[in-house]
Amino acid sequence: MKALKHFLLVYNRRSGETDVREFASSEGRDALRARFQLERELRGHDDTEIVVLTGASLASLRKTHSRYFGGATDRALSAA
């Protein structure tokens with residue numbers, strides 16, 4: 001079985017753009033910390049959703065969570 005990865009998504013409802021940062025299976029806590037940090041930084045941006053999803057690949061998440069990937073682009077988040 002393929003190891004699951006964690007993906008931090010920042011989805012802009014208005015533009016449909018999704019920024020993505022990938023974390024290894026052992027970095028689940030890091031992914032959540034990054035999510036909480038972004039939520040603090042982006043507080044008040046009502047058109048922004050920040051989530052951490054776990055799956056075998058980004059391609060599999062595109063199928064199961066297509067609402068985050070239907071927009072214009074996907075961009076890699078910097079490893080801040």
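Reader: How many helices and strands are in the protein chain, and what makes a run count as one?
Author: Two helices and four strands. They are DSSP runs numbered from the N terminus, where a helix is H or I over at least four residues and a strand is E over at least two. Read along the sequence, the pattern is β-β-α-β-α-β. Keep in mind that this is a predicted model, with residues numbered from 1 along each chain as its sequence is written. Local features need pLDDT of at least 70, side-chain atom pairs count only at pLDDT 80 or more, totals for chains, interfaces and linings use all residues, and side-chain values use heavy atoms, leaving out hydrogens and water.

Reader: How many aromatic pairs does the count come to, and is the pair of Y11 and Y68 stacked or edge-to-face?
Author: The count is one aromatic pair. The ring centres of Y11 and Y68 are 5.4 Å apart and the planes stand at 85 degrees, so it's edge-to-face. The rule takes rings of Phe, Tyr and Trp (its six-membered ring) with centres within 6.5 Å; planes under 30 degrees apart are stacked, over 60 edge-to-face, and the rest tilted.

Reader: Which parts does that pair tie together?
Author: Y11 sits in strand 1 (residues 5–12), while Y68 is in the loop between helix 2 (58–64) and strand 4 (74–76), so the pair links parts 57 residues apart in sequence.

Reader: Why are Y11 and Y68 called buried or exposed?
Author: Buried means under 20% relative accessible area, exposed over 50%, and partly exposed in between, with a 1.4 Å probe and protein chains only. Y11 has 11% and Y68 has 7%, so both count as buried. Across the protein chain, buried residues make up 30% of the 80 residues.

Reader: How do you know what lies over the face of Y68?
Author: That's R67, at 4.8 Å from the ring centre. The test wants NZ of Lys or CZ of Arg within 6 Å of the ring centre and within 35 degrees of the ring normal, so R67 passes.

Reader: What makes up the largest nonpolar core?
Author: Nine residues: F7, L9, Y11, V20, V51, L53, L61, Y68 and F69. Strand 1 and strand 3 (48–55) are the elements giving it two or more residues, and strand 1 has the largest share, three. Such a core is a set of buried Ala, Val, Leu, Ile, Met, Phe, Trp, Tyr and Cys residues joined through side-chain atoms within 4.5 Å. Another core of seven residues lies apart from it, with L8, V10, A31 and A34 among them.
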